Amino acid sequence: MIDRRQFTRLAAALAVGFVAAPSLAADPVRVAFIDPLSGPFAAVGASGLKQFQFIANEINKSGGVLGGRKIEVIGFDNKISPKESLIQLKRVIGDGIQVIVQGNSSGVANALTDAVAKHNEREPSKRVLYLNYSAVDPSLTNEKCNYWHFRFDANADMKMNALTDVINTDKKMKSIYIIGQDYSFGKAVAAAAVRDLGLKRPDIKIAGNELHPIGKVKDFSPYIAKIKASGAQAVITGNWGADMLGLAKAANDAGLEIPFYTYYAAANGITKAIGAGGVDKVRLVGEGATNPPLTAEWRDVLKRFRAKYPDDRDFTQTRIANTLQMLALAINKAKSTEPAKVAAALEGMRYTTYWGDVVTMRASDHQLQMPVRIFVHTNKNIEFDIDHSGYGLLTESTVSAHVASTPTTCKMQRP
Amino acid sequence: MLELIVFSLLNGLVYGLLLFMLSSGLTLIFSMMGVLNFAHASLYMLGAYLAYTISLKIGFWPGLIIAPLLVGVVGALIERYGLRNVHRYGHVAELIFTFGVAFLIEESVQLVWGRQNVDYREPEILSFPLFTLWGTDFPAYKAFMLAISVAIFIALLLVLTRSRVGLIIQAAITHPNQVAMLGHNVPLVFTGVFGVGSALAGLAGVIAGPALGTFPGMAAVLGSIVFVVIVVGGLGSLAGAFVASLLIGMLQTFAVAVDYSLEDLFAAVGITTSKTSALIDLYTVTVAQIGPILPYLLLVLILIFRPTGLLGKREV
């Protein structure tokens with residue numbers, strides 16, 4: 001126990017520490033992570049935050065940025081609501097944080113990119129930089145593009161292009177069912193699927209094009225019954241989080257064993273729910289290869305992550321590594337954390353990822369140009385399984401950055 | 001078409017009976033104490049997570065018994081040491097209290113079990129397709145859910161209408177003072193009913209966890225719908241809750257299967273809608289898309305045209 005005087009001294013020391021901290025050169029570069037940390041999508045948000053903090057730690061171990069400053073990632077719960085996100089953005093700006101990262105839900109991303117653009121115009125002295133690591137609605141780097149927004153994930157069009165290339169190789173495929181969440185991303189996926197299939201395989205019938213409410217469906221069995229009744233030979237879905245888990249569970253329960261072409265059918269319980277029923281049937285489009293990891297360095301990083309978080313050990317959102325590493329590079333290149341300088345440094349930046357891909361931040365729309373991979377759910381040749389299940393994602397094919405690239409309609413307004 | 005109808009019926013039945021298990025406790029608690037227990041869905045969540053842990057340690061079947069009992073005890077403690085003290089400040093205080101308890105339970109669950117989905121599975125013995133129709137499996141576990149729900153309904157009905165305890169409970173719902181004057185310990189009856197209601201919510205969680213997923217948002221997705229069930233069914237009416245649960249289960253399941261929109265309806269009667277109409281978004285929304293709000297529409301209609309609910313005796 002401490003007595004009263006000691007307590008007073010301690011409190012005084014702490015107070016001095018707090019007041020003195022901002023003037024120290026070594027105070028951390030703070031990054032605000034605005035994503036769901038409660039509600040139906042908490043699992044995805046919480047694991048994303050963990051992966052960001054892990055990569056921040058990796059950067060800090062090798063010297064941090066600007067000659068020794070550490071990167072600190074702080075979570076802000078937006079409950080996946082655009083309204084809540086804007087409140088958190090205000091808090092973040094009030095706290096003097098200059099970088100925000102967000103990825104879950106393009107609905108949130110659309111609200112944030114507008115708010116960030118307006119804020120930066122109004123208060124040039126307190127600008128913030130918006131790094132989008134996962135919201136893939138194509139409009140964010142097309143008609144709605146904004147100088148302060150950078151996307152580190154392949155957009156829905158790039159991903160659908162790769163998925164439909166795989167579908168195209170199956171000449172027996174005659175009918176496909178599209179199901180997605182009823183918001184901007186789900187609609188973008190459906191539109192891209194209809195368009196790409198129409199171009200590549202006009203003979204394939206769209207057996208159903210369904211949107212369901214996001215995060216509200218308790219039981220997907222009725223949807224599975226409908227897919228089954230439609231006679232579709234395959235399913236395309238952009239579902240993620242609880243909605244993908246529910247869909248996979250219901251498909252497994254009903255014994256619906258047709259191929260699934262997905263954006264996010266892995267991790268957070270989904271891989272385990274798919275289990276044996278989805279081997280060689282469930283495919284996912286993504287970026288970072290984990291099986292095989294392609295480089296020794298990447299294998300070490302994945303192993304360190306496992307050692308650090310033995311219970312929740314899957315580093316699944318590999319784009320998070322690129323996002324934070326490129327931010328660190330840009331801060332060092334700009335010799336400043338001032339968003340305008342960092343943004344200028346990010347434009348056109350080339351970076352070699354942990355797994356050896358060379359990626360470029362296209363200046364014209366701030367969409368990262370990157371190779372896109374197709375993974376297949378399996379338990380063979382899996383070094384890094386997911387959900388402790390023995391099943392994982394095996395790289396099946398790689399689309400080079402050049403081929404994966406899609407044109408943009410963005411007319412970038414530079415400050 | 002037939003296969004879609006059959007499977008929609010089955011799925012609606014499973015879902016409806018699950019709703020019943022949740023709403024039966026809620027409607028009993030409401031009719032007896034006048035408290036809308038916002039923490040009810042959180043207790044459902046607590047049941048699923050407790051059963052998950054128990055299933056890891058000693059198996060699914062002990063969890064099926066122990067987890068609801070634990071949740072029942074938690075419920076009884078909430079009533080005895082929380083609600084009873086708040087009671088004297090009126091219904092608003094009680095409402096806010098249960099609201100607070102709901103947050104408390106949900107956050108505690110996430111503190112203990114984390115924010116990840118936990119892998120709570122049905123027992124091996126039940127993980128096989130019971131039958132296969134038109135190539136679609138009907139899992140044995142869902143049949144098990146049906147059986148448990150029906151058994152609970154029958155048991156509750158028998159206890160409430162045929163047993164002495166049931167008589168006292170029924171009397172205490174309408175005439176608590178007279179029951180107390182006859183020498184019955186009404187506060188104890190309240191605690192018991194709250195405990196049993198909580199245990200039922202816990203049981204619903206235990207059996208729904210493996211089928212619908214055990215994750216941090218599981219209370220939120222069912223939280224509001226159970227209130228719709230008890231209002232539509234009629235407050236305090238067990239049979240009403242049963243009918244309303246099935247009705248809403250079927251309504252939501254069948255809505256998914258219907259791809260027609262207002263535009264199709266207009267076309268059928270010969271009206272063509274312009275693609276540039278300001279209301280085009282409204283015209284093209286399909287029944288499947290608005291499925292999730294249909295129960296709330298039903299709620300509004302019931303409140304307007306039959307405020308007592310389908311089988312209830314008093315107004316909301």
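Start by selecting B:Arg80 and B:Tyr81: the arginine lies over the face of the tyrosine, 5.1 Å from the ring centre. A charge counts as over a ring if NZ of Lys or CZ of Arg is within 6 Å of the ring centre and within 35 degrees of the ring normal.

Before you move on, know that this is a predicted model, where local features need pLDDT of at least 70 and side-chain atom pairs count only at pLDDT 80 or more, while totals for chains, interfaces and linings use all residues. Residues are numbered from 1 along each chain as its sequence is written, chains are lettered from A and ligands numbered from 1 in the order in which they are written, and side-chain values use heavy atoms, leaving out hydrogens and water.

Now for rings. Phe, Tyr and Trp rings (six-membered ring for Trp) pair if their centres lie within 6.5 Å; planes under 30 degrees apart are stacked, over 60 edge-to-face, and the rest tilted. That rule gives 31 aromatic pairs over all chains. Pick B:Trp61 and B:Phe144: their centres are 5.5 Å apart and their planes at 85 degrees, so this pair is edge-to-face. B:Trp61 sits in helix 3 (residues 60–86) of chain B and B:Phe144 in helix 5 (residues 140–162) of chain B, so the pair ties together parts 83 residues apart in sequence. Helices here are DSSP runs (H or I, at least four residues; strands are E, at least two), numbered from the N terminus.

Is B:Phe144 buried or exposed? It is buried, at 14% relative accessibility, whereas B:Trp61 is partly exposed at 39%. Buried means under 20% relative accessible area, exposed over 50%, and partly exposed in between (1.4 Å probe, protein chains only).

Finally, hop to chain A and select A:Phe54, A:Trp298, A:Phe305, A:Tyr309, A:Phe315, A:Tyr354 and A:Trp355, which ring pairs link into a cluster.
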